[in-house]
Amino acid sequence: MSYDLELLFGISLLYLLILFLVAHLTDSGRIPERWIANPWVYVLSLGVYATSWSYYGSVGFAQREGFQFLTIYLGVTIAFLLSPILLRPILRITRDYQLTSLADLLAFRYRSQLAGALVTLFMLLGSLPYIALQIRAVTTSINVLTQEVPPQVLALGFCIMLILFAIMFGARHASPRDKHRGLVAAIAFESLVKLTALLLVGLFALFGVFSGPGDLGRWLTANPEVIQALYQPVREGPWLTLLFLSFSAAFLLPRQFHMIFAENLSLKSIDTASWAFPLYLLLLNLAIPPILWAGTRLQLNLDADYYVLGITVAQGPSWLPVVSFIGGVSAASAMVIVSTLALSSMSLNHLLLPARYPDPGVDLYRWLLWGRRLLIAVIIMAGFGFYQLLQHNQGLVQLGLISFVAVAQFVPGVIGVLYWERATRAGFIGGLLAGIAVWTVTLLLPLLQASGIIQQGLDLAPLRTDMGLSHWPFATFWSLACNGLLFVLISLLSRQSSGEREAARACASDTAIPATLEGVVTAGSPAQFMEGLAQMVGQETAELEVRQALRDLDMDPDEHRAPELRRLRERIERNLSGLVGPQMAHIIINQQLAMDSQAKTALADSIRHMEERLERSRSRLQGLNADLDALRRYHRQILLDLPLGVCAVAPDGAVVIWNLAMEVMSGVGRDQATGYKLETLPAPWGGLLAGFADSGDEHIPKMKVTLEGRPHWFSLHKASIPDLGSSRLEEEPPAGKVMLLEDLTDLETLEAELAHSDRLASIGRLAAGVAHEIGNPVTGIASLAQNLRHERDPGVIDESIEMILQQTRRITGIVQSLMNFSRSGSVGTDYQSFELHEIVDEALQLVQLTRAGRKVACVSNCPPGIRLSGDRQRLSQVLLNLLTNACDASRPGDRVEIFAFQEDGEIQLEVMDQGQGIPERIRHAVFEPFFTTKQPGEGTGLGLSLVYKIVQEHHGHIEIDSVPEVGTRVVLRLPGTPRDRDEHNTSQPNDQP
Amino acid sequence: MPDPQDIRRQKEHSLLLVLLALLLFASPLTFWWASGHHAWFLPYLLWLLLILAGAWLQVRHRRHEL
């Protein structure tokens, strides 16, 4: 049975059009996003690993090397089982730093454009035979089906179709950082097609060529040598070498790296792939032995590489060879498309851009897009050229394995990325060059010689024989040995640059400690960022990139805080890395968004940023790092949950910590405060806190702030934070300040209520005296009024009226004193200047209303002219409480005297009694609230504690001298002249809602 | 945010699986099953065993995460 060339070409064309349709439907959103984001689509897209080598070549490989063909998939299985240790860390780095290829990753880690260029060139060199292999597989399969040699134009047409597809669905965006969902869907579809096709051929082999498993079993029993032929090479062949090569190829081949990392949509997908992708490979290979045995049974006169087609052509239904052929086209096209996309991205970033960076006047996005498209065409055509150069005497597996050994040369470099921070750029480049040299001598030159491209190569056969190694182990061992040895030796002998050290730290998975962002960007706003970048990438691109970074960080376009601008700079570098590669992005950023080397930054500046990064990377911290992070979080939580307001500021006055209590007290959210200068905070907090931070005071006991029309009181503390990074703590300026705010409003209100209660209690005690004092004049008035009824003498009437008025004035005075004393006023609001003797006289008048006060002689020795500044009512309360205590302690007939004088601007007031005194053992407790020696109901125990507090508020002192059975002297010292009182003057500028 | 302990456990399981893989496919045990006295599908069975172990651990890990 044979097929027309035109028919096969038409079928290929139709298949590729279906592929176009799948990609188009996905990109246009007609296939639901949740389907594309499904981990199984990702798993199937990884099936790009299975190329025409797997599809066709595995049968030939199995015939020649038995079960060794399985190593190509068992190595992949091991690599995917190691996903949490191997693939996830690489995925993290590529995501965090927007790296889209292995060249990007290695150039980023070793901070070297040369490394990127070298990796790209070697990848190109190693991949061209592989691309050529795919083209050859398609043309040979046509040859098998048509029984005639296909014209070269057919291979060319196939290549042009692939170029078109790759450009339309793989290079839709200027940046490879954007995901290509259409491409992923199409590649997943291709994987499904080739799996289905191969399983159908396998089933045909089992039930079509053989009559089922029973027949196959009997045939195997009759031909035990075929099973021996499968097992024998495992014991004798390069099993371990092939296992290692496929292990490294699993994630280092350009197409694999692209699909695993660049097109990954979620971490969950890679977890599923860790077992599902090996399962896919197992299913794909399950059909290989039956197909091989079917071909053997049919005694096909055909290279075993093409038994997949051969058995269906020989004996199958007419549709099956077509299905089988489509599976082969599918395997080949997927490989060429994805490999080319990955290689074009690498070539653009590491060869074309460094060699010919576009003028800033050119639209960079457009330039990159067309550059990538051009490179796609060039690479596929180069593969086509290589295909034409190669003689067709190389097996599919040979061409594939050459690429495998090539990518294995990156294993030492990747170990440096993930696990060895000490690895240097020089070590990597030196090792890689050595590996490339050995690879060229041992594999490439013999290939070119075998293809007739060069006439003479090195004869390494004697050396191989001496070492007892076959072809592949020999090339793999020597290339990797030279590579690895030089990598280690040169790394140990050379030094890393600071950029390299930082990149190494960022990459090392076990030490994922985020780097601090030091320094200040010279550009002071996002607008200035745009101006700077425009000089290198053009105005439009600069604006788009800065806006994109602002969106990514959810940052305000007017942002001017230094730490935030450093974050913006870092974000732009990452985004640019996805656009032009990490090294070029690094160069652009360093040139156009330079850091101010003179500006000194503190650790405090980076705290917020570091905390955000630590939060993101918490799951990656282990061991001591995880413990330290737990400790950090514990301390941070203490600060956040502290019932006191905590506000820490950097040396430049920018807020670093603003805890929850601070948010509640001030009504200013953390986001509105953190990173901003204190003075820019909403009123009244900006001026209040900035003033306190700049003042020399370390403590303000009470500060009044009016919030929403209501007075609030706060106590403020301040301390400097030493720079712990400095070795000379005392000499270095502090790393910032921390301020604590305590809300005293509730306490103040309570105290005001207590003081009022105490006054009312005093009035209660005065009630009897008041009744008596008012009763006498009232009786007198009544008598005088009665006499007036009968009195006609005008002189006597006038005299009586005057006496009545005198008595009413006396009553009014008593009532006024009581009213003054008892009224409930706001605390600390009635500061005024007044004569001291006025309140002394009032207090004496009141105390004489009490029962105890009437029994003692109260004498005032307070001269007029001593003026006091303060709360008149509260100071009256002080005197009344002291006199009441003195009278209570006195025996009938004793004297209670008040002395007052002024000395050095200070007023001293003494209240002396001749009472029983205060015992030494309780003297320390008399100022404590609710402490009393009186009988229950006679005193509240608040009197002296209120006295102490009021005197403290007036910046005064109180002392007690007491000698039991002799008397007590209470000495008050108060400032006599008005002075700046914290609670009054400091609050004035902020005394606004 | 995955728990660091979970991630560590996942890494440990991954290492154990790879040790099992090396035991099956890169140790003298390989020469035993490749001695040719076994059914032709034995390597596939061993491979499947490895995959199922990986899948089981993955499902277990995901349940733990939930």
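1. A:R111 is buried, with a relative accessible area of 12%; buried means under 20%, exposed over 50%, and partly exposed in between, with a 1.4 Å probe and protein chains only. A:R111 lies in the loop between α7 and α8 (113–146) of chain A, where helices (H or I, at least four residues) and strands (E, at least two) are DSSP runs, numbered from the N terminus. Although A:R111 is not a glycine, its phi is positive, at about 45°.

2. The model is predicted: local features need pLDDT of at least 70, side-chain atom pairs count only at pLDDT 80 or more, and totals for chains, interfaces and linings use all residues. Residues are numbered from 1 along each chain as its sequence is written, chains are lettered from A and ligands numbered from 1 in the order in which they are written, and side-chain values use heavy atoms, with hydrogens and water left out.

3. A:Q98 also has a positive phi, near 50°, and is a residue other than glycine. The loop between α6 (87–96) and α7 (102–109) of chain A holds A:Q98, which counts as buried at 16% relative accessibility.

4. A:Q583 belongs to helix α29 (residues 582–592) of chain A and is buried, with a relative accessible area of 9%. Leaving aside residues up to four places away in sequence, A:Q583 touches A:A107, A:R111, A:S112 and A:Q113; contact means heavy atoms within 4.5 Å.

5. In chain A, 5 strands form an open antiparallel sheet in the order β4-β3-β7-β6-β5; two strands pair if DSSP finds at least two bridges between them. The edge strands, β4 (655–658) and β5 (699–707) of chain A, each pair on one side only. From one strand to the next, the twist averages 25°; axes are lines fitted to C-alpha atoms, for helices over the stretch in contact, and angles run from 0 to 180 degrees between N-to-C directions.

6. Within chain A, strand β6 (residues 710–721) and strand β7 (residues 736–743) pair in the antiparallel sense over 8 bridges. The bridge partner of A:H717 in β7(A) is A:L740. Helix α34 (residues 685–694) of chain A packs on the sheet and touches β4, β5, β6 and β7 of chain A; the direction of the helix makes about 40° with that of β6(A).

7. The peptide bond from A:A683 to A:P684 is cis, with omega near 0°. A:P684 is placed in the loop between α33 (670–673) and α34 of chain A.
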